[in-house]
Amino acid sequence: MKAHVSSILLGVRDMDRAKRFYTEGLGWKIQNDYGISVFFESDGASPVGFYGREGLADQVGTSPDGSGFSGLVLTYVVRSEARVDEVMAEAEKAGATILKPAGALPWGGYGGTFADPDGYIWSLGYSAQGTDQPYAE
């Protein structure tokens, strides 16, 4: 696994408030608004997006409250389901805690999640639906 973050997803409690803060307050421009998630124009950097905190916690297999979830998930997008499986196995072998084994995702992709030894959550994913994704490899 390379030292690469494909996108940054922040779990927010109030999507409208978060959108107002970043668009009206900081001048960020929305690239895609999917209702349950929002992504901003990235100027070539790693994309930053918001996802409802409850939904994002559920997607990665943890609780939205307490010490189990900080509201931050680092995503790593690869070009095949097989590579998702390989990276998940590498992470587990290295001491990661598997939060959600690799498998089909509700939005149509394939992925899984793990927590590193310090509890930082990584979401691995693949989707055949787009060709312009921020691939890490």
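A: The largest cavity has a volume of about 40 Å³. A cavity here is a set of points on a 1 Å grid over the protein atoms alone where a 1.4 Å probe fits but cannot get out; grid points are joined across faces, edges and corners, and a volume is the space filled by probe spheres set on the points. With a threshold of 30 Å³ or more, the count comes to 1 cavity. Keep in mind that this is a predicted model, where local features need pLDDT of at least 70, side-chain atom pairs count only at pLDDT 80 or more, and totals for chains, interfaces and linings use all residues. Residues are numbered from 1 along each chain as its sequence is written, and side-chain values use heavy atoms, with hydrogens and water left out.

Around the cavity, the lining (residues with an atom within 4 Å of a point) consists of Gln59, Lys100, Leu105, Gly111, Gly112, Thr113, Ser123 and Leu124. By class that gives 2 nonpolar, 5 polar and 1 charged residues; Ala, Val, Leu, Ile, Met, Phe, Trp, Tyr, Cys and Pro count as nonpolar, Asp, Glu, Lys and Arg as charged, and the others, Gly among them, as polar. β7 (110-115) and β8 each supply at least two of the lining residues, and β7 gives the most, with 3. Helices (H or I, at least four residues) and strands (E, at least two) are DSSP runs, numbered from the N terminus.

The protein is divided into domain 1 (8-60) and domain 2 (73-126), with bounds from an automatic or database domain assignment. Their centres, taken over C-alpha atoms, are 21 Å apart, and about 630 Å² is buried between them, 56% of it from carbon and sulfur atoms. In domain 1, Leu9, Gln59 and Val60 lose the most area to domain 2, together 78% of what that side buries. Buried area means the accessible area (1.4 Å probe) that two parts lose on being put together, summed over both. As for contacts (heavy atoms within 4.5 Å), 6 residues of domain 1 touch 8 residues of domain 2.

Then there's the open space. A pocket is an open set with protein on both sides within 12 Å along at least five of seven lines, and the largest pocket holds about 1000 Å³. Its lining has 29 residues, with Tyr34, Phe39, Trp107, Gln133 and Pro134 nearest its centre, and it draws at least three residues from each of domain 1 and domain 2. β8 shows up again here, giving the largest share of that lining, 4 residues. By class, the pocket lining has 13 nonpolar, 14 polar and 2 charged residues.

β2 (30-33) and β3 (37-40) are among the elements that each supply at least two residues of the pocket lining. These two pair in the antiparallel sense over 3 bridges, where pairing takes at least two DSSP bridges. In their hairpin, glycine 35 takes a positive phi near 85°.
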